[in-house]
Amino acid sequence: MAKNKGPRRPKAETPKGFRDYFGAEVTARKTMLDRIAAVYHRYGFDALETSAVETVEALGKFLPDVDRPNEGVFAWEEDSDWLALRYDLTAPLARVAAQYRNDLPVPYRRYAMGPVWRNEKPGPGRFRQFYQCDADTVGAASVAADAEICAMLADALEAVGIERGDYVIRVNNRKVLNGVMEVAGILDPADPSKFEHERGIVLRAIDKLDRLGVEGVRALLGEGRKDESGDFTKGAGLSEKQIWVVAGFLELGGKADRLFEDAMLTFRNPPTSLRKHYLERPAGMTGSVMGLAGEENLELNSVSDANPFILSSLRDLVRDSEVGSEGVAELEEIASLLTAQGYGPDRVIIAPSVVRGLGYYTGPVFEAELTFEITDEKGRPRQFGSVAGGGRYDDLVKRFTGQAVPATGVSIGVDRLLAALAAKGRLEDAAQGPVVVTVMDRNRMADYMGMVNDLRAAGIRAEMYLGNPKNFGNQLKYADKRHSPVAIIQGEDEAARDVVQVKDLILGAKLAVDATLEEWKSQPAQVEVPRADLVATVREIMGRHG
């Protein structure tokens with residue numbers, strides 16, 4: 001007879017695609033978000049907290065795999081309605097703007113921070129739950145709202161510790177890309193559904209620019225491309241003239257990026273690849289997109305020339321498209337507004353290479369990229385990359401109201417930005433634990449609690465050791481595991497003399513690694529002070545270590 005083993009014990013493991021956050025990580029995130037919130041608040045934005053659950057209908061069709069309600073989101077049916085955990089913070093904002101439209105000020109400026117959930121296949125660094133930090137303006141049609149978002153994003157990055165020169169905010173416009181498509185003959189304003197298949201291939205090809213380069217994208221614009229494994233991807237089948245227009249747009253985007261990267265700062269003559277592209281245009285193509293008109297010399301003396309150069313080139317490229325010209329005019333206004341406020345091309349640059357889910361956005365789009373180098377898992381240097389993005393989405397609230405409501409906003413990838421701060425060494429303070437008051441005598445617990453209370457009253461994070469005090473070594477191991485900066489020790493002898501031992505754990509760790517005997521004597525990691533000087537001594541030690 002089989003022996004009854006009792007109920008099966010659950011596995012103590014985190015579900016796939018999720019993770020746990022511990023003390024230092026939570027503290028670091030809160031510190032960072034508080035600094036960002038202070039910037040948003042200074043700009044006049046109000047905080048908003050929405051429900052974590054929305055109806056699937058309210059979330060809309062801006063999700064992956066939306067053929068079924070439970071694809072892309074964590075959803076369930078309740079009372080004949082489908083509910084889901086929020087996929088992002090923008091869809092809930094659209095619902096709020098529609099639901100409370102008679103009560104909210106117009107424009108409505110809000111910021112929101114919190115977790116979102118996506119029912120997608122997890123992978124390395126790709127989780128099903130993660131934090132977002134958004135700021136949006138609803139009800140402002142002027143691109144001054146987009147310019148303000150870009151300026152605020154720059155200030156937020158600097159507020160958390162990303163130094164100027166280590167980031168760039170790159171701005172593009174969906175209308176410009178539509179203009180390029182129109183000039184290339186794959187967008188008919190009178191019939192937007194025409195050439196939809198070809199445009200889809202072109203957009204996907206443009207999105208692969210970083211990985212494939214211009215020549216790889218060119219192949220996808222034409223007949224297709226065979227990768228290293230031999231697999232063939234069918235292309236859009238564009239003609240040589242059509243490819244020339246789209247590839248010129250991409251070359252221009254690459255030029256904008258190089259202007260910032262090289263930088264800043266001295267760049268003479270367009271790169272040979274650009275010059276060759278425009279001087280060897282296909283037969284029948286007229287005009288000079290770069291303004292070169294057959295000339296090979298164009299001087300760009302500093303990064304301050306970058307935006308005018310890019311804008312002039314874009315204007316030339318889409319001059320036969322009304323919507324494209326409108327997009328360039330909006331970019332010119334954004335650049336002008338930002339420059340007037342001191343946000344020049346050393347911080348914000350017009351970059352045609354920015355492609356952010358352009359089916360979602362209706363106007364300007366922007367992306368914050370960190371430009372400093374880090375080392376990947378194989379020891380190779382690479383740039384950190386994008387940590388935030390957003391743009392104008394004028395059709396989202398319209399889903400609820402039937403009326404056009406302009407909106408623009410940005411979302412910061414919280415985990416990405418935290419990783420960047422860690423790479424820059426800016427999270428050390430967040431990892432610091434509490435001062436630990438050790439217990440030498442069980443009969444004097446009230447005295448130890450008194451020390452803890454004095455430290456806390458002075459604004460110093462502190463705790464009394466609550467484990468088994470029998471082994472003093474374990475107490476110090478505990479303090480070490482807690483990343484404590486200081487340990488307080490008072491035995492019977494110290495109590496009789498009304499003194500305490502204050503142990504500088506940070507200094508002690510440093511001396512234990514590489515200190516000479518003379519350094520050990522001259523920089524004692526443990527000092528004896530009067531009990532009345534406990535708080536002042538701890539404060540002095542912690543101040544010494546920043």
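1. Let's start with Q132, which is found in strand β6 (residues 129-138); strands here are DSSP E runs of at least two residues and helices H or I runs of at least four, numbered from the N terminus. Q132 is buried, at a relative accessible area of 10% (buried means under 20%, exposed over 50%, partly exposed in between, with a 1.4 Å probe and protein chains only). Leaving aside neighbours within four places in sequence, its contacts (heavy atoms within 4.5 Å) include D88, M113, R118 and I412.

2. A word on the basis: this is a predicted model, where local features need pLDDT of at least 70, side-chain atom pairs count only at pLDDT 80 or more, and totals for chains, interfaces and linings use all residues. Residues are numbered from 1 along each chain as its sequence is written, and side-chain values use heavy atoms, without hydrogens and water.

3. Do look at helix α1 (residues 23-42) against α4: their axes are 9 Å apart, at an angle of about 145° (lines fitted to C-alpha atoms over the stretch in contact, with angles from 0 to 180 degrees between N-to-C directions). On the α1 side, the contact includes I36 and Y40; on the α4 side, A156 and V160.
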